[in-house]
Amino acid sequence: MEIVLIRHGQPEWTKDGLNVVDPPLTELGHRQAELMADALAAEEFDEVLVSPLQRARQTAAPLYRRLGRPESVEPWLEEIRDPSWHGTPREKAEHAYDELKSRPAAQRWHGLVGGESIREFTERIHAGATEFLRHRRIERIEHDLPIWSAGDFGRRIALVAHAGTNSVTIGHLLGLDPTPWEWDRFVIGHASISRIEALPLRDGWTFSLTSLSGSEHIPAGQRSR
């Protein structure tokens with residue numbers, strides 16, 4: 001089994017100095033998405049799933065076209081939910097993130113004021129990933145090590161999502177305890193490609209991170225994060 005995790009291209013977080021919630025891609029973001037699709041067009045996938053948010057769906061669109069597949073939205077891949085600050089001055093978001101980073105480590109679990117807490121977000125992604133694998137007959141074995149039961153491990157699955165979603169999913173599959181700074185623990189660039197492969201053990205399976213934030217398909221001058 002291989003799970004290919006793709007981050008969306010560069011989004012338009014602000015427009016005319018105002019915050020944008022669920023933003024579309026920038027012109028560069030669309031170009032990054034096309035380059036990602038070019039890089040993966042020759043690969044075969046059993047499933048290609050995408051977050052419901054606009055920036056992820058616009059990123060996945062050229063890949064779906066190249067592969068000749070219909071869009072398949074997977075709700076649990078949604079990124080952490082921002083406060084309701086659409087249309088407010090961009091300084092409001094900048095100050096909120098600065099305040100979050102200034103807190104003691106444990107208090108960062110509360111997340112941005114008015115948004116989804118980081119604790120709730122990590123629990124949501126863990127639950128979503130667990131159910132996602134369970135539907136493919138793969139379940140975590142009761143063990144002090146991250147060992148999974150033998151299920152449908154012959155599949156190749158692409159997930160087009162977000163830095164936070166992909167980071168928490170990677171940590172969950174590798175058996176790592178989450179932190180309230182997963183976005184900084186796994187630094188994932190726009191339209192980059194990360195890969196996780198199933199590794200057989202004598203008494204089950206585990207997951208191995210074989211590539212993180214691969215961006216060789218994007219020229220250096222067009223990379224962003």
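Me: Is helix α5 (residues 163-174) buried or exposed?

Reply: Twelve of the twelve residues of α5 are buried, so the rest of the structure largely encloses the helix. Buried means under 20% relative accessible area, with exposed over 50% and partly exposed in between (1.4 Å probe, protein chains only). Helices (H or I, at least four residues) and strands (E, at least two) are DSSP runs, numbered from the N terminus. Bear in mind that this is a predicted model: local features need pLDDT of at least 70, side-chain atom pairs count only at pLDDT 80 or more, and totals for chains, interfaces and linings use all residues. Residues are numbered from 1 along each chain as its sequence is written, and side-chain values use heavy atoms, leaving out hydrogens and water.

Me: What do the buried residues of α5 pack against?

Reply: They pack against β1, α4 (118-134), β5, α6 (182-185), β6 and β7 (204-214); contact here means heavy atoms within 4.5 Å.

Me: And what comes just after α5?

Reply: G175, which takes a positive phi of about 80°.

Me: How do I read the two faces of a strand, say β1?

Reply: In a regular strand the side chains alternate between the two faces of the sheet. In β1 (residues 2-7), E2, V4 and I6 lie on one side and I3, L5 and R7 on the other, and all are buried.

Me: Which strands does β1 pair with?

Reply: Two strands pair if DSSP finds at least two bridges between them. β1 runs parallel to β5 (residues 156-161) over six bridges, with L5 partnered by L159. With β6 (residues 193-201) the pairing is antiparallel over five bridges, and V4 has R195 as its bridge partner.
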